[in-house]
Amino acid sequence: MGTQVIRDVRPLGAAAVDVVLDRATVEAVLPAGSAPAHLPLLLDGRGQLLLPALVESHVHFDKTLWGMPWRPNTAGPTRNDRIANEQRLLPGIDVPIAERAGPLIEHCIARGSLHFRSHVDAQTAFGLRHVEAMLALRETYRDVIDLQFVAFPQAGMLINPGTRDLMRAALELGVDIVGGIDPAGIDRDPIGHLEAVFAMATRYGKGVDIHLHDPGELGRWQMERIADMTQAAGLAGRVMIGHAYCMGAFPTADLAPLADRLAALDISIMTCAPPHTTVPPVAWLRSRGVNVCSGSDGIRDAWSPMGNGDMLERAMLIALRYGWSKDEELAMAFDIVSAGGARALGVESYGLAAGCRADFVLLAAENLAAAVVDRPAGRTVVSRGRIVARDGVYTGH
Ligand SMILES: [Zn+2]
C-alpha cells in the first residue's frame with residue numbers, strides 16, 4: 001500500500017476531485033481527471049460524495065443485545081427501574097459481550113463510523129467483566145477504528161460502595177476517560193460525586209465524560225460546577241457533558257454566561273436529540289463557540305430496542321428534532337456527527353484536506369443535504385487508506 005488514488009469524488013458535494021493517498025494519509029486533492037494516470041487506483045468514485053468518516057461520540061457497546069433474537073423491553077418507567085432491569089437481565093445473557101458488540105462495531109463501520117467513544121459499565125453488579133471484554137475487543141479492531149472507553153458508573157458511584165475501586169481498576173487497565181452520572185439525581189451528592197470524578201481524572205491523567213439527565217436549575221447548577229472543576233483541574237478541551245437536557249429548559253439569554261464558559265473551556269455537549277424531553281439549543285450553542293457532538297447512546301439493549309448505529313441517520317434525527325430543513329441546517333447536523341465529534345474526541349488530522357488521515361465514507365447522493373435526508377445505503381468506507389466496507393457490508397480487517 002504505497003501511493004494510491006481515489007478518482008472522481010465530490011468532497012461534501014463540491015466539484016469532483018481525485019484524492020491522492022500516501023498510505024494512510026491524504027497527500028493531495030486535485031481536480032478530477034488530473035491525478036497522474038500511472039497511480040494505482042484504490043477506488044473509482046463515479047461522482048459519489050466523499051465524506052469524512054463519521055464519529056460516534058456516545059454509545060454503550062458493552063450492553064448491546066445486537067444479533068440476538070428480538071427481546072421485548074421489560075424495563076419500568078424510571079431511570080432506576082431501567083438500571084435494575086439490566087442488572088437482572090445482562091448477567092443471564094449467554095452470548096459473550098464480544099459476540100454482541102463485535103458484530104455491532106462492524107455494522108457501525110459499514111455505516112461509515114471510524115471514531116468511537118463507548119461508555120463501559122464499571123458497576124458492582126458486573127464487576128470488571130464489561131471492561132475486560134471491551135478492552136480485548138478493542139485489540140481486534142485496532143487497525144480499523146479509534147475506540148475510546150469511558151469508565152461508567154451506571155448505577156451511581158457514591159451510593160454503590162466498591163464502584164470507585166472498579167473505576168480506578170478500569171483506568172489502570174487502559175480505559176481512557178472517567179465517567180459520571182447525575183451527581184445529584186442518582187448519587188444525591190453532586191459536589192462529592194464531581195470531586196471524586198475529577199480527582200480520578202487528575203490522578204490518572206484522563207478526561208471526563210458525564211451523563212447529565214438532571215433537569216432544569218438542578219442540571220444547570222451542576223454544569224456550572226463541572227465548568228469550575230474543569231478549570232481548576234486544567235482539563236480544558238478534555239471534558240464532555242452528555243445529554244444536558246437541563247439546557248433546554250431556559251431561554252438562551254439565560255444560558256449565555258454558562259455557554260461562554262463551556263466555549264472558553266472547550267467542554268463539548270453531546271446530544272442524541274431525543275424526542276421525549278428538552279434538549280440543549282445546539283444551533284445557538286454552536287453560534288457561541290460551544291462544540292456539539294452526538295451519539296447513538298444504547299443500541300438494541302435492555303434500555304430500549306431502538307438504534308442502529310448509523311450516524312448519518314442520527315444527523316437526520318437531529319435535524320428532525322430541531323426542525324431543521326435548510327441546506328445549511330442539514331450541513332450543521334452533518335457537522336455535529338463528523339467534525340464536532342472529532343473535536344470532542346480529540347481525533348487528530350481529521351478531514352478531507354491534504355495531510356488528513358484517509359478515513360472516508362463514499363455514498364451516492366446529490367449533495368450533502370440529500371445525504372442527510374436520504375441516508376443512502378451501499379456505502380463504501382475507507383479506513384487509513386484501506387477499504388473496510390463495500391456496498392454497506394464490512395469486509396474485514
Ligand atoms: Zn449513555
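The C-alpha centres of domain 1 and domain 2 lie 30 Å apart, and that is where I'd like to start. Please keep in mind that this is a predicted model. The domain assignment of the protein chain gives domain 1 as 3-52 + 350-394 and domain 2 as 54-345.

How do these two meet? In the model, 18 residues of domain 1 are in contact with 23 residues of domain 2. On the side of domain 1 that touches domain 2, at least two residues each come from α12 (368-374), β14 (380-383), β15 (386-390) and β16 (393-394). Helix α12 gives the most to that side, with 5 residues. By class, the side of domain 1 that touches domain 2 has 13 nonpolar, 2 polar and 3 charged residues.

Now let's go to the largest nonpolar core, which has 119 residues. Those that touch the most other members are I109, A151, A315, A333 and V372. Helix α2, residues 97-110, gives the most to this core, with 7 residues. Why does the core lie between the domains? Because domain 1 (3-52 + 350-394) and domain 2 (54-345) both give residues to it.

Let me stay with A151 for a moment. Leaving aside its neighbours within four places in sequence, A151 is in contact with V120, A122, M167, A170, L171, V175, V178 and G179.

Three of those names, M167, A170 and L171, bring us to helix α4, residues 163-173, where they are buried along with T163 and L166. Just after α4, G174 takes a positive phi of about 125°.

Strands β7 and β8 also belong to my last stop, an open sheet of 8 strands. Its order is β5-β6-β7-β8-β9-β10-β11-β12, and the pairing is parallel. Strands β5 (54-59) and β12 (292-293) stand at the edges with a single partner strand each, so one side of each is left without a neighbour in the sheet. For a closer look inside the sheet, take β9 (residues 207-212) and β10 (residues 239-243), which pair in the parallel sense over 5 bridges. Here H211 stands opposite G242 in β10.

Methods: Residues are numbered from 1 along each chain as its sequence is written. This is a predicted model: local features need pLDDT of at least 70, side-chain atom pairs count only at pLDDT 80 or more; totals for chains, interfaces and linings use all residues. Two strands pair if DSSP finds at least two bridges between them. Helices (H or I, at least four residues) and strands (E, at least two) are DSSP runs, numbered from the N terminus. A residue is buried if 20 or more other C-beta atoms lie within 10 Å of its own, exposed if 12 or fewer, and partly exposed in between; C-beta atoms are placed from the backbone. Domain bounds come from an automatic or database domain assignment. Two residues are in contact if their C-beta atoms, placed from the backbone, lie within 7 Å. Ala, Val, Leu, Ile, Met, Phe, Trp, Tyr, Cys and Pro count as nonpolar, Asp, Glu, Lys and Arg as charged, and the others, Gly among them, as polar. A nonpolar core is a set of buried Ala, Val, Leu, Ile, Met, Phe, Trp, Tyr and Cys residues joined through C-beta atoms within 7 Å.
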